[in-house]
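Let's walk through this structure together, from its domains down to a single side chain. Keep the 3D view open as you read.

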Amino acid sequence: MTKYIIRRLLWMIVLLFGVSFVTFIIFYLLPSANPALLRAGHAPTAALIKAIEHQLGLDKPWYVQYLDYMKALVLHFNFGYSYFYNTAVRTMIFNRLPATISLALGAAVIWLVSGIIIGTISAVRPRSRFDRFSMGAALVAISAPPYWLGLVTLFLFSTSVGRFPIFPGAGSYVPLTQNPLHWFTGLILPWLVLAASFAAIYARLLRGNLIEVMSEDYIRTARAKGVPERRVIVRHGIRSAITPLVSAAGVDIGVLLGGVILVESVFSIPGIGNLAYQSILVGDLPMIQGTVLIGAFFIVAMNLIVDIAYAFIDPRVRYS
Amino acid sequence: MRSTTERTGMRRAWRFGLTLVVGIAAVAIAGCGSSSSSSSGSVKMVKGGTATILWTAGGIDSLDPGYWYYQTDYSDIEQPTQRTLYSFTDQGTDPVPDMATALPTITDGGMTLTIHIRPNIHYSPPLQNKTVTSADIKYAMERCFLASVGNGYAEAYYSKIVGAPASPMATLPNMAGLQTPNPTTLVIKTSVPVGVLTDANALALPCTVPVPAYYAAKYDKGATSTYGQHEVFTGPYMIQGAGSGTIPSSGFSPTKNMVLVRNPSWVRSTDPLNPAYFNQIVFKGEYDPTVASRETLTGAGMISGDYAAPPTSILQQGLTSSEKSQFHILPSGGNRYISLNTTIPPLNNIDVRKAIFSVIDKNALRLTRGGPTLGTIATHYISPILQGFQQAGGVAGPGYNFDTDPNGNLALAEQYMKMAGYKTGKYTGPALLTIADNTPPASNTALAVQSELATLGFKLNFREVPHATMYSKFCLVPKSKVAICPSLGWGPDFFDAQSMIDPVFNGKNIVPVGNTNTSQANNPTLNAAMDAAEELITPTARAAAWGKIDDEVTAEAYSIPWLWDNEISFASKNVHLTNWKFNGNAPDYTTSYLTKG
């Protein structure tokens, strides 16, 4: 197992180098915007642009620029400098990570718990009223775009502009370290909005899997041996049916940790997604590259965690 | 000179309000400190309190005065926290002394300007014991030529100052034409008369915000200056926590937040322009425009932020409800136009350009942005609040036959196409590369242009790209060979029309990158007229000259001006909102105040 983890970690590093190279090629060799232009004010002369290109090293050969970038990244964990925000990319990203992590992990807890509970009940009581209602509601939740759902919940339930002012609205996020209570209350609506569609998908996924698993021979055997039904469902049924969910959750959480653009935007949460979105709009290449690398890191890391978790959840899976 | 962006127009100024009389009285009795109130009529002014502004488009670009050039920079940080040599009152269109004691004394045929600055103006902490000197303004203007500062206009307006470098430099230039005979006197010597210096317009730009060399020089070294992160202030407000010498993230974090608190070194009696009623101004970032607009209208103490207009749905609902009085709809000074590249056939043929001019339905284009509320249909380039507007024909414009019908005239367009050699009156050549902004409403406008040109037979190789890409990779880069740029706009730097015309149509401004002359107009007669107009030093002569040039460039149909933009600002019910005309009528946070009753 240890060897497997080390091997995967090494592959993760190789993969991140690959991602960094591809993003460098896309953003530096085929740039959508000239970084020097961003730095040069709003009606720059050609001379000013040339001077800035020289100062920033943008007139060096591409491989020299890439090596410089990677050297700074590996040796100093320096993601470069944002010419638009006039600040270090690392500072910007790390200032925002806590918000995105809070949002993504909090929502993940909600959608996993609710998805598993609803999916399980629906599976063990198929075609019941609960099953019909919850699966219908799940369809609605899957169909509702997060941006629209966010606006609706704000205009219904936020204390600032809501018809029924219950929860803090947009811009109410505060860091956990600053005020845990406000952190929690400020994230309730964003968590619910972000979790809604995922919970619905996971509930439907688990329901389908569990119905199939519950008709397997080993479940019948367990029942014949007199194992209590609750234990049959939890220990034998869910444990087997949940593995696809774990796999999906790994990818989903990884993607969300790289930025939750729409929900962060609607609720004015200063996270990575919002930063990436604003950076794309203005063509801030170093910042885009930084957010892409961070996103890639989370996706790769979460996949590794999922693969390791598999071994514990499913005894049939062993890495050697 | 700035290109108009979708997030805001450009710079502006004006005051408007619920009770203009109260506003004027308020300026006279201005004060600061803790909350207090005075009344006039049914509305009571509340001095003090907190104003909250929600950013939806990233807020300010930079903390460095040498970099500021966008409307948001001017409204959110320049005006509240810094003072320039000259500035503008909220409704004024002529520069008035701010840091200076009077308008420049002009001698030597307009080539020597003598400016005296107010004594005993102190910087904010940590330099609270230091006073502003003329040497600080000299350094500020010189550092605008540093590549590490990235200023966008110094070369355009200050390059005729004796000793000014021909291009930005890695090290600080010593400009012999900026002289400081004593700590309160600045003498500016130019090689030729420069109208925008003698009328003080270009001395109202943020390059004249004082920067003390003994403090800032160490931050100006390196590839990018970091002075902004250690900035000292001269205006009524400063960034919270900046007194330590380094601005903390609680005071400013890009796109996220900015908190302005009172500058303890600022003295109201030395500042004739900024009553600065609020005790604190808080900017919160990364809001969705719909949410931000709704919160501003229904909340308390809030003013609209870095967006030129609210989302259409909010605006329509607001203007047809009791919220109507919370909106201020004022001309921004900027324009929008469709640029035609005169180096690319068939656009090198003036009759083809006139045909395109004729067929464009300006009313339809305006509807794509939200209709008449969003602006006035343009008939030439100089916008209504600028000097030279009337001389260029006012709203009616010069009256060329290809611009007589705001709904477009297909029959006339076909006549021009026939005159250009297209026997059927329809274009029959290859598709023309057209690069448009991919963000609404500009993208909707571009689609309308595409369909209008199709009626004349034009096939377009139509591409929509992000706003920044449109400028930096295509429309401002001649070698990209873009034929039509339908999503362009331009805003003035001040009320002098030079900044609306010269950068866009003078052949000397055609450069390989950052080319603001997108149509690549290069008419020697017009170029000479513009060069001569730059050197005129009397306002009436300048207005007449630039008005005439405006008519002449319109006659050449280099591009099609179709809208003079409006700025739509708004505030909560308990805010007396004023606007700064110089800054494109964006909100003026130093003359707005809270109300009661």
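A word on domains to begin with: their bounds come from an automatic or database domain assignment. What you see is a predicted model, in which local features need pLDDT of at least 70 and side-chain atom pairs count only at pLDDT 80 or more, while totals for chains, interfaces and linings use all residues. Residues are numbered from 1 along each chain as its sequence is written, and chains are lettered from A and ligands numbered from 1 in the order in which they are written.

Now turn to chain B, where the assignment gives domain 1 (2-279 + 571-596) and domain 2 (331-567). The C-alpha centres of domain 1 of chain B and domain 2 of chain B are 32 Å apart, and 26 residues of domain 1 of chain B are in contact with 29 residues of domain 2 of chain B. At least two residues each of the domain 1 side are supplied by β1 (2-3), α5 (195-198) and β24 (579-583) of chain B, with the largest share, three residues, coming from α5(B). That side of domain 1 of chain B divides into nine nonpolar, 11 polar and six charged residues.

How do the chains meet? In this contact, 41 residues of chain A touch 49 residues of chain B. Several helices of chain A each supply at least two residues to the side that touches chain B, including α3 (46-56), α5 (89-124) and α13 (272-282). The most, eight residues, comes from α3(A). By type, the side of chain A that touches chain B holds 24 nonpolar, 16 polar and one charged.

Next, look for strands in chain B. Two strands pair if DSSP finds at least two bridges between them. An open, antiparallel sheet of four strands runs in the order β8-β9-β11-β10 (chain B), and its edge strands are β8 (105-107) and β10 (178-182) of chain B. Within the sheet, five bridges join β9 (residues 112-116) of chain B to β11 (residues 185-189) of chain B, and T114(B) has V187(B) as its bridge partner. Elsewhere in chain B, β4 (residues 43-47) and β26 (residues 593-596) pair in the antiparallel sense over three bridges, with V46(B) opposite L594(B). Strand β23 (residues 575-576) of chain B also pairs with β26(B) in the antiparallel sense, over two bridges, and there the bridge partner of V575(B) is L594(B).

Finally, zoom in on one residue. M470(B) lies in helix α13 (residues 467-475) of chain B. Why does M470(B) count as buried? Because 28 C-beta neighbours lie inside 10 Å of M470(B); a residue is buried if 20 or more other C-beta atoms lie within 10 Å of its own, exposed if 12 or fewer, and partly exposed in between, with C-beta atoms placed from the backbone. Not counting residues up to four places away in sequence, M470(B) touches I435(B), D437(B), V465(B), C475(B) and S487(B). The C-alpha atoms of M470(B) and L488(B), 18 residues apart along the chain, are separated by 9.3 Å.

Technical notes:
Two residues are in contact if their C-beta atoms, placed from the backbone, lie within 7 Å. Ala, Val, Leu, Ile, Met, Phe, Trp, Tyr, Cys and Pro count as nonpolar, Asp, Glu, Lys and Arg as charged, and the others, Gly among them, as polar.
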